[in-house]
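My notes follow in the order in which I looked things up.

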Amino acid sequence: MEKKDMTMEARLLLAFVLMGLVLFGTQYFFKPPPATKPAATAAKAADGVPKTTDAPAPIPTKPASDVTPGAMPGQVQADKEENPTIDTDLYHVVFSNRGAVVKNWILKGFKDHKGQPLDLVNSAAQGKVPPALSLAFKTQPPATDPNTALFRVERSADQLGLTFDFSDGKTETKKTFQFAKASYLAQVSTQVTQNGVLTPHSIEWRGGFGDETVLNASNDQHTLYYDLGASKLVQNDAKTAKNGPVSVSGQDSFAGLEDKYFAAVFLPRNRGPVEVTTYSDNLPDSSGKDEPHVGAAVGGDGVNVFSFFVGPKDTDLLKKVDPKLEQLIDWGWFEFIAKPLFLATQWTADHLVHNYGWAIIAVTVAVNLLLFPLRFTSMKSSKKMQKLQPQIAAINAKYKNLSLRDPKKAEQNQEIMDLYKREGVNPVGGCLPMVLQLPFFYAFYKVLNVAIALRGATWLWVGDLSQPETLAIRVLPVLLIVTQFLSQKMTPSPGVDPSQQKMMMIMPLVLGYMFYFSPSGLVLYWLTGNLVGIVQQLLLNRGSSPAPAVVDVKPSLKRKK
């Protein structure tokens, strides 16, 4: 079986499990010692998301319920293959009249990870799976496959609409696309009839979606639909369809595809049920290795009429299209921290420092200043622990030769806990600052993974704060290891013997390894926190009295008779 790389979430979870074992597990297993602007052509925005006009009014399209199949048409088709294009302020879309499908859907305001115009259609899928916006038939397809037929093309008067028609005399297929000059919202309709009878079908986008040039791109791609009945967003990856296509049908507000930062979703114009199918297609990724890529088909009627949003997952933009679309941005468990954290970073970048790297540094400093009272309280707790070391050493001496399984060990622990309680000391109080940093750390991780404004944001030598550094030796993780060692060395560690100290020295190396594969912005956040913590610890150490020397109390030896 082919070995899979660990996801970033798995690395983070492993890192903090190891940290937790070091911080808390030693309380039980060791004796206490003897004492992330790209812009559209129309306008630019500070947050890197092209500004758009309001969504255009829906283009009048005859609803499915009003469609009456007419008499069988005569033959309608083109003489040769053509590639009509649509150019707006935001899109460059290349169609083919062979199947009335899309060959390229390029977002003008964004670049891929290689610096090229971002094409949301996976070029590696061409010729291997049906092209984007092909038609899928749940039952027997027509005798003449519309996906290979040559459609006649008509362009609208405003040059922003295309109508594709094909008929072999028995089967008629019609597709219409209407775009707006400065909007990510288009209008799409499809109709298929056989012998004058409507034929149910769906519109499909296969072979992956989004920026295929990033590392492990297929891991971030999903099909999705918003289930109105359950009032929740449902997301599936390619593994869902590993044994074949999986279909669901229901009252959905929208359905389609997504990756980290972009989405292509169909919003039904009628209120009937919508069928959503998830596919899995094995295709080469950016490294040339075959990986399952997700695909979706949406529709299910003889006539499908949709508004079609294809663009960045920007909060303000999604709200304008449909308030429910805002759920496409997954802020994670700590949304109440992540969203304000992003807004603060965005405001700082837009109004103060004009760079997201410096904004991350400024916000990190502010967060650490807010947490300083807790750090100060933790420092006082650590100092109290140091003062108690002679008494703890005396207790340990009484039970020094006992094994860990000896019932009297419980008495030893109870005596120590009674001492802590009597002196008002929290034995794990010194760990509080790190524990409190974890929600902010996870929140920042989610911000860097979902905030389109941070995608492609640069800082000094870092080309993209939402991705790991591209240097041969990544500088930020190395600096993080150094500052983590310094911070750990300066922080009082009462109750830690040499064996425990050796275990604690592993933590900076574990963190360094995990952060080596993390987004640069996340490393910058933790590194800045370390530097602020070092400065704060220096001030706290200067303002406090030295800890008392720990007395090494040894048990008295019995005389030999």
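This is a predicted model: local features need pLDDT of at least 70, side-chain atom pairs count only at pLDDT 80 or more; totals for chains, interfaces and linings use all residues.

Entry 1, a helix pair. The axes of H4 (residues 356-370) and H12 (residues 520-542) cross at roughly 40 degrees and come within 9 Å. Axes here are lines fitted to C-alpha atoms, for helices over the stretch in contact, with angles from 0 to 180 degrees between N-to-C directions. Helices (H or I, at least four residues) and strands (E, at least two) are DSSP runs, numbered from the N terminus.

I then listed the contact, meaning heavy atoms within 4.5 Å. On the H4 side I found Gly357, Ile360, Ile361, Thr364, Val365, Asn368 and Leu369. H12 contributes Gly521, Leu524, Tyr525, Thr528, Gly529, Val532 and Gln536. I sorted these residues into seven nonpolar, seven polar and no charged; Ala, Val, Leu, Ile, Met, Phe, Trp, Tyr, Cys and Pro count as nonpolar, Asp, Glu, Lys and Arg as charged, and the others, Gly among them, as polar.

Residues are numbered from 1 along each chain as its sequence is written, and side-chain values use heavy atoms, with hydrogens and water left out.

I read the order of its four strands as S2-S3-S4-S5, with antiparallel pairing; two strands pair if DSSP finds at least two bridges between them. S2 (85-87) and S5 (117-119) are the edge strands, each pairing on one side only. Neighbouring strands of this sheet are turned by 20 degrees against each other on average, direction ignored. I found three bridges between S4 (residues 101-111) and S5, and Leu107 has Leu118 in S5 as its bridge partner.

Entry 4, a hairpin. S7 (residues 152-155) and S8 (residues 161-168) run antiparallel and are joined by four bridges. I saw Val153 opposite Phe164 in S8. Five residues lie between the two strands, and Gln159 in the turn has a positive phi of about 65 degrees.

I located Ser253 in S16 (residues 252-258). Is Ser253 buried or exposed? Ser253 has a relative accessible area of 12% and is therefore buried, where buried means under 20%, exposed over 50% and partly exposed in between (1.4 Å probe, protein chains only). Leaving aside neighbours within four places in sequence, I listed the contacts of Ser253 as Tyr226, Leu228, Phe266, Leu267, Pro268, Asp322 and Lys324.
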